[in-house]
Amino acid sequence: MRQQVLTNNFMNKDRPPLLTSYSFDHETARKELASAIIMHEYPLSIVDHVGFRRYSNALQPLFKVPCRNTMKAEIFKIYEYQKGKTMSLVVSNASRLAITTDMWTSSNQKKGFMAVTAHFIDDSWTLQSRILRFIYVPCPHTKEVLCDQLLNCLMDWNIDRKISSITVDNCSTNDAMIDLLWDKLDSASLMLGGELFHMRCCAHILNLIVKDGLDVIKVIREMAKRMVEKFDKYWSVVHGVVGVSAVLDPRYKINVLEFYFKLLFPTSYTEEVDKVRALCYKLLKEYQCPNSMMEGIGDSSSQSSSIDEESLSKYDVYMLRESKRNVVTELCIISTLAGLIGVHVVTGVVGLIGLPVDLW
């Protein structure tokens, strides 16, 4: 059947439509359907679907949708044709081939499959990668079974004497399989006598390293969590008493809490300082009660400060800055008073509170 049709090349949209003669070819249509099934991984049962048959009949009434057995045979024809092309390319290529292989288990059927891929540089210095075989490997997946399957694939493609290296993941079974394969191949044909024959998958090794690192981080996180819980349990009880002892030290008083609590509790340090202040008031009221007074307690011997001098260096800087700020505030107040009640009166007040007169 021939007719004039306006065609457009969907692979090249830049080309304008052309008016050409059209002749329906049933064999070409069947091959294109097989190619579509391969490309999009459609199930073979698609040819039995009523909707697909109706769509095909509406699109081209002359096309008779084949059964699934016919499509299966058509797909094997395409496979054999592509295999012949790839084999001619591999055999005619002068470079060696690097083989990568890995086992894959289907999630629904729990069946094991081996994928074998060849990588090589062609005559135009272009990296080529071709899947040589996707093999169903029955259980058990022992080193002998894996070695036989891989060796049969290499022999079938006639590349057993052109191998540069075989890359596998870091699995003990693969290590044993490579040793068996080494014994069955001609070591004289291997590059550098087989020194580079066994390669380990870098991505798999990095994956194992990251997993081990994450496991260590998880352990450290759990350990740190327990440490924080124990510290919080201890600190919630004693930090108030420790704060009171710091406040009672005439060298530091409440300022030392304000300085260090800003470092320990950046967002809630004022509440923590108020807690210690409230505890001080509670203790003061407790000791003001006559019933709580204890007699016969002598003065305790002087003890060295529990706060290390080196750890207070930052606190000394903080106190110096605070004292200067307080002096400036007091001088501002005095200057205001001087303008209101007179310089001579304010001079007497300054002398009473201990500020040098020459500062203002």
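**Terms and their grounds**

Guide: Please keep in mind throughout that this is a predicted model.

Visitor: Why is Asn93 counted as buried?

Guide: The relative accessibility of Asn93 is 5%, and buried means under 20%, so Asn93 counts as buried. Asn93 is found in the loop between H3 and strand E3 (97–105), and, leaving aside neighbours within four places in sequence, Asn93 is in contact with Phe120, Ile121, Asp122, Asp123 and Lys162.

Visitor: What makes E5 and strand E7 (198–200) edge strands?

Guide: The open sheet has five strands in the order E5-E4-E3-E6-E7, with mixed pairing. E5 and E7 each have a single partner strand, so one side of each is left without a neighbour in the sheet. From one strand to the next, the twist averages 25°.

Visitor: How do you know that E3 and strand E6 (residues 163–168) pair?

Guide: Pairing requires at least two bridges, and E3 and E6 have four, in the parallel sense, so the two strands count as paired. Thr100, for example, has Thr167 in E6 as its bridge partner. Helix H5 (residues 172–184) packs on the sheet, touching E6 and E7, and its direction makes about 160° with that of E6.

Visitor: Which residues line the largest pocket, and of what classes are they?

Guide: The lining has 22 residues, of which Ile38, Ile75, Phe76, Tyr79 and Phe134 lie nearest the centre of the pocket. By class, 14 are nonpolar, three polar and five charged. H3 gives the most to this lining, with eight residues, and the space in the pocket is about 1000 Å³.

Key
Residues numbered from 1 in each chain as written. Predicted model: local features only at pLDDT ≥ 70, side-chain atom pairs only at ≥ 80, totals over all residues. Heavy atoms only, no water. 1 Å grid on protein atoms, 1.4 Å probe; cavity = no way out; pocket = protein on both sides within 12 Å on 5 of 7 lines; lining within 4 Å. Points joined across faces, edges and corners; volume = space filled by probe spheres on them. Nonpolar A, V, L, I, M, F, W, Y, C, P; charged D, E, K, R; others polar. Buried < 20%, exposed > 50% of the residue type's maximum accessible area, 1.4 Å probe, protein only. Contact = heavy atoms within 4.5 Å. Axes fitted to C-alpha atoms, helices over the stretch in contact; angles between N-to-C directions.
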